[in-house]
Amino acid sequence: MNVNGKHFRTIWLKESDPSTVQIINQQVLPFTFGILDLRTVEDVRKAIKDMYVRGAGLIGAAAAYGMYLAALEAGAASFEKDLLAKGEMLKATRPTASNLAWAVDSMLSKLAGRSCPLSQKQEEARLAAQAIADSDAESCKRIGLHGLEIIKELSRKKQGQAVNILTHCNAGWLAFVDYGSALSPVYAAFDAGIKVHVWVDETRPRNQGAGLTAWELGQHGVPHDLVPDNAGGHLMQHSLVDMVITGADRVTRSGDAANKIGTYLKALAARENGVPFYVALPSSTFDFAMRDGVKEIPIEERDPSEVRFVYGKTRNGSLTEVQICPDSTTARNWGFDVTPARYITGLITERGICRAAEQDITALYPERADE
Ligand code: MRU
């Protein structure tokens, strides 16, 4: 997608030095647009862990490029052993999004058991990482085209009045390699000339809505308003939301969806108010080995200081972090929650839209039904 009119992906290999991975630094958005070089697997591990890159699809692509850097660092005699160890290290960074482990395992299975020279294995690792990034972007583009049909229909029912879409967290192009999941249909609709307006949940504690979703919608010119996390119920009661679209970090074979903490509450409010609630995801986010999301999906618990402090710009323009609670107050910080399938109107995938139900999901992905 475009930044100040120039096309960017969120991650790529440096043109002048393909052994360096470059990323958009999401820690400093929306105040600064910066690019970081990652030269080692350790750089990639830190970038994922400390959320210089974040969002399910992007951490998957970052892990794939990390495995390419691992191949560059590996010894000829210990290639597979080195890759396995670095893969485990990358997988340990963030537990909830399935894309990360999926990408590491895909890289390992492509590179295992090869008897060619080291330089060839390294070239294959580069191509495999590139293919994962390309397919993430392509899947997100398709999600947009499928989701567009839902927005078109809502627009038709509203006789061309703006379709109001509520989203939580950031599941736009910054959370993937390009296009995004939840926001891809929004961009497709906007580009097709359909009037859309997005309610952007601020998404405490890290404010991915305020800092990232609002920034990327603004870059694309999509009308939007930032709302406090707790406003969704009120907006839905007053018919100010036509649909909710969120992303997902892991979706089980039965359609339970883990997404940023607070998503479940939006789904409950949507059900109570008869508002359609869609979850958009590429296939790399499915976890066919899990059925009961509430019981089985590992939920990341992050540093409590993310709750106790907020980071932002003061009225005089300087960037700073401030504490928002008494010195002695302790906090807990779960990053995600699980929305049970029964609250989800439909899943928007790169293969089409389906019910959040095992039968429908496995019909769309028959080759993965035995995972
Ligand atoms: O903690 P983050 O920012 O990596 O969280 C991931 C997310 O951005 C959201 O949960 C998102 O809606 C799903 S990822 C496309």
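In this predicted model, glutamine 22 has aspartate 37 of strand β5 as its bridge partner. The points below place this pair in its sheet and then turn to the helices and the nonpolar cores.

**The sheet**
- Strands of a sheet pair through backbone hydrogen bonds, and the pairing may be parallel or antiparallel.
- Strand β4, which covers residues 17-24, runs antiparallel to β5 and is joined to β5 by four bridges.
- The open sheet consists of three strands in the order β3-β4-β5, with antiparallel pairing.
- β3 (11-14) and β5 (35-38) are the edge strands, as each pairs on one side only.
- From one strand to the next, the twist averages 35°.

**A helix on the sheet**
- Helix α2, residues 56-73, packs on the sheet and touches β3, β4 and β5.
- The direction of α2 makes about 25° with that of β3.

- In soluble globular proteins, nonpolar side chains tend to be buried together.
- The largest nonpolar core contains 41 residues, and Ile11, Ile48, Val53, Leu83 and Met107 have the most contacts inside it.
- At least two residues of this core come from each of β3, β4, α1 (41-49), α2, α3 (79-91), α4 (98-111) and α5 (118-157).
- Helix α2 gives the most to this core, with 13 residues.
- Leaving aside residues up to four places away in sequence, valine 53 touches Ile23, Ala47, Ile48, Leu58, Ile59 and Ala62.
- A second, separate core has 35 residues, including Phe8, Val196, Val200 and Val222.

How values were computed:
Residues are numbered from 1 along each chain as its sequence is written. This is a predicted model: local features need pLDDT of at least 70, side-chain atom pairs count only at pLDDT 80 or more; totals for chains, interfaces and linings use all residues. Side-chain values use heavy atoms; hydrogens and water are left out. Two strands pair if DSSP finds at least two bridges between them. Axes are lines fitted to C-alpha atoms, for helices over the stretch in contact, and angles run from 0 to 180 degrees between N-to-C directions. Contact means heavy atoms within 4.5 Å. A nonpolar core is a set of buried Ala, Val, Leu, Ile, Met, Phe, Trp, Tyr and Cys residues joined through side-chain atoms within 4.5 Å. Buried means under 20% relative accessible area, exposed over 50%, partly exposed in between (1.4 Å probe, protein chains only).
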